[in-house]
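Hello,

I am handing over the structure below. My notes on it follow.

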Amino acid sequence: MAVPRQLPNAITIVRILCAPVFLWMLLADAGTDGPLRWWAAVLFIVAIATDGVDGYLARRYEIVTDLGKLLDPIADKALTGVAFVGLSILGELPWWVTIVVLVREIGITVYRFVVVSDHVLAAAWMGKLKTVAQAVALSLALAPLASLVDSPVWDGAVWWVNVVTMTAAVLLTIASGIDYVVTEVRAARSKSAA
């Protein structure tokens with residue numbers, strides 16, 4: 001079966017376009033646990049899952065492009081970034097967490113654009129792991145799971161799961177940012193030495 005050459009990039013662009021729709025759905029009813037909150041969570045989960053789909057198609061059919069390498073991480077950052085901001089606006093996530101994540105994400109994205117004429121900075125393994133950790137943590141935080149069962153024990157369990165997964169996501173976000181910086185500094189030193 002032939003896959004159109006631009007299909008992975010089109011999927012990536014759709015993921016970017018989902019970000020404002022998702023944010024509107026999340027904030028429309030002020031974060032209450034009604035249908036829009038559930039639909040926002042579903043849209044986020046489906047949209048972030050397309051990250052694996054476009055990457056698989058590009059590699060499987062050997063249609064990896066520089067544009068795709070550039071857009072794919074931006075799409076992930078757009079979607080996860082608005083999720084972090086939305087949760088902080090609703091008071092469900094401390095602003096310092098969102099700021100730490102956004103500083104790392106925006107910093108790496110700006111750097112990608114600065115070096116794009118020299119080379120395309122593709123996502124490294126730690127960056128991919130960070131994206132998966134953020135996707136899991138945000139999916140759990142967005143879905144109003146505590147509203148499913150009226151029990152303090154259940155509420156406590158949901159809270160702890162959210163804390164643990166979000167902590168792992170934030171730590172991986174910081175670690176992967178440091179990894180990008182170290183890798184780029186080493187590459188620049190070897191290039192200037194050569």
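**Contacts of helix α5**

Val101, Arg104 and Glu105 of α4 are in contact with Gly127, Lys130 and Gln134 of α5, where contact means heavy atoms within 4.5 Å. Sorted by class, this α4 and α5 contact holds one nonpolar, two polar and three charged residues. Here Ala, Val, Leu, Ile, Met, Phe, Trp, Tyr, Cys and Pro count as nonpolar, Asp, Glu, Lys and Arg as charged, and the others, Gly among them, as polar.

This is a predicted model, in which local features need pLDDT of at least 70 and side-chain atom pairs count only at pLDDT 80 or more, while totals for chains, interfaces and linings use all residues. Residues are numbered from 1 along each chain as its sequence is written, and side-chain values use heavy atoms, with hydrogens and water left out.

Helix α4 covers residues 95-115 and helix α5 residues 125-142; their axes come within 14 Å and cross at roughly 145°. Helices are DSSP runs (H or I, at least four residues), numbered from the N terminus. Axes are lines fitted to C-alpha atoms over the stretch in contact, with angles from 0 to 180 degrees between N-to-C directions.

Helix α3 (residues 66-89) also meets α5: the two axes come within 11 Å and cross at roughly 35°. By class, the α3 and α5 contact has six nonpolar, three polar and three charged residues.

**Salt bridges**

How many salt bridges are there? The count is eight, a salt bridge being a side-chain nitrogen of Lys or Arg within 4 Å of a carboxyl oxygen of Asp or Glu. One pairs Arg15 with Asp54, whose closest N and O atoms are 2.9 Å apart. This pair links distant parts of the chain, with Arg15 in helix α1 (residues 7-28) and Asp54 in helix α2 (residues 35-60), 39 residues apart.

Regards

Methods:
Helices (H or I, at least four residues) and strands (E, at least two) are DSSP runs, numbered from the N terminus.
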